[in-house]
Amino acid sequence: MIEELTDELRKVNEEAQRLIAAAKSVDELRVAESRLTGKQGSLGKLLGSIGKFPPEQRGAVGKEINQAKAAIVEQFAAARARLEQTADKAAATAAQTYDPTLPGPVVPRGSVHPVTAVQWEVEDILSRLGFVVVGGPEMETEYYNFEALNIPAMHPARDMQDTFWLDNGRLLRTHTSPCQVRAMERLSAPLRIISPGRCFRYETEDASHANTFFQLEGLMIDRNISIANLIAVMKLVLEQVFHRDVKVRLRPGFFPFVEPGFELDMSCAICGGSGCPTCKRSGWVEILPCGMVHPNVLRFGGIDSREYTGFAFGLGLTRLAMMKYGVRDIRALNAGDLRAIIRPERRNGRAIIAKD
Ligand code: PHE
């Protein structure tokens with residue numbers, strides 16, 4: 001009987017060793033221990049079997065089983081301590097491998113609006129030719145928006161630009177041209193300026209008209225400035241914006257503040273001049289109005305028109321952005337529609353568009 005018990009106890013002990021070796025966590029260890037010592041476990045069953053021994057042996061048997069149990073419990077406790085220590089170490093290493101100086105996850109930052117992107121691009125191009133960027137008020141006086149641009153009160157040309165008149169007698173500028181005379185007054189001749197900004201017209205909105213749009217005014221005044229200079233500068237700007245050779249042509253256009261005045265067309269950027277729906281199969285698209293500064297305007301700006309001549313142009317930035325990025329509906333640009341947003345590349349500290 002007693003030999004049998006010793007054998008049983010050896011088996012229980014072996015089982016305990018196996019369980020301890022297999023347990024990967026403190027919890028697993030705890031479960032294994034209670035299974036072994038529980039009523040249904042092999043050790044528990046042995047404890048429950050004391051009553052089967054003859055009464056004179058029970059004391060010795062009980063002592064032996066309890067000793068074995070104490071040894072097993074002790075081994076479990078030691079194993080638990082070991083596991084706890086390793087878990088602590090793992091946590092400590094995990095804490096060490098976290099480097100708070102590493103950059104965080106990259107959050108998409110969005111990008112500039114297409115109109116801003118072309119504006120910056122044109123500014124960059126013309127800055128390299130010595131043009132400086134100047135601003136002007138969006139709420140203008142009648143004088144700068146019309147009078148000083150050779151458009152007197154009763155002139156029919158005022159009807160070409162449906163105007164938002166304000167209660168305070170001012171207006172929302174209908175174009176960036178008021179910046180011409182403002183610049184002449186401030187800088188005098190010779191000068192090279194560009195002036196980008198928001199313009200407003202009392203228009204019904206459709207796919208190609210908006211009541212708020214962006215222009216970029218350009219003005220160059222010096223001795224002997226000619227139409228050839230105008231063409232050269234415009235061609236260069238367009239070629240750099242569209243990254244391709246561009247042909248330009250001039251058609252007569254009427255604006256009271258230039259004489260002669262032109263509509264400048266460029267060879268269609270979509271089909272390269274062979275004719276497509278965008279250029280209405282003509283191979284040409286109207287891109288910007290321009291002309292030689294009218295002597296009256298020079299006079300309003302305090303510049304001697306016998307000594308100086310100049311050219312001016314009004315680049316439609318909204319239109320240019322639409323052509324460059326193939327935006328078909330102008331309303332997409334003003335609607336906060338994220339599909340109109342493009343991914344800019346940084347160059348010269350300013351955003352330009354990834355190469356097309
Ligand atoms: N300001 C004119 C417009 O918006 C365009 C223009 C600018 C024409 C400069 C000639 C010279 O209609």
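What share of the contacts in the protein chain with a separation of 6 or more comes from residues 24 or more positions apart? The answer is 67%, where contact means heavy atoms within 4.5 Å.

This is a predicted model, in which local features need pLDDT of at least 70 and side-chain atom pairs count only at pLDDT 80 or more, while totals for chains, interfaces and linings use all residues. Residues are numbered from 1 along each chain as its sequence is written, and side-chain values use heavy atoms, with hydrogens and water left out.

**View 1. The largest nonpolar core has 46 residues.** Such a core is a set of buried Ala, Val, Leu, Ile, Met, Phe, Trp, Tyr and Cys residues joined through side-chain atoms within 4.5 Å; buried means under 20% relative accessible area with a 1.4 Å probe, protein chains only. Look for Leu126, Leu238, Met266, Leu288, Phe311, Phe313 and Leu320, which have the most contacts inside this core. Among the elements supplying at least two residues each are helix H5 (114-127), helix H8 (227-242) and strand S8 (284-293). Helices (H or I, at least four residues) and strands (E, at least two) are DSSP runs, numbered from the N terminus.

**View 2. Leu288 and its contacts.** Leaving aside neighbours within four places in sequence, Leu288 touches Met234, Leu238, Phe262, Glu263, Leu264, Phe313, Gly314 and Leu315.

**View 3. Another core, of 25 residues, lies apart from the largest one.** Ala157, Val297, Leu298 and Ala312 are among its members. Across the protein chain, 41% of the 356 residues count as buried.

Methods: Buried means under 20% relative accessible area, exposed over 50%, partly exposed in between (1.4 Å probe, protein chains only).
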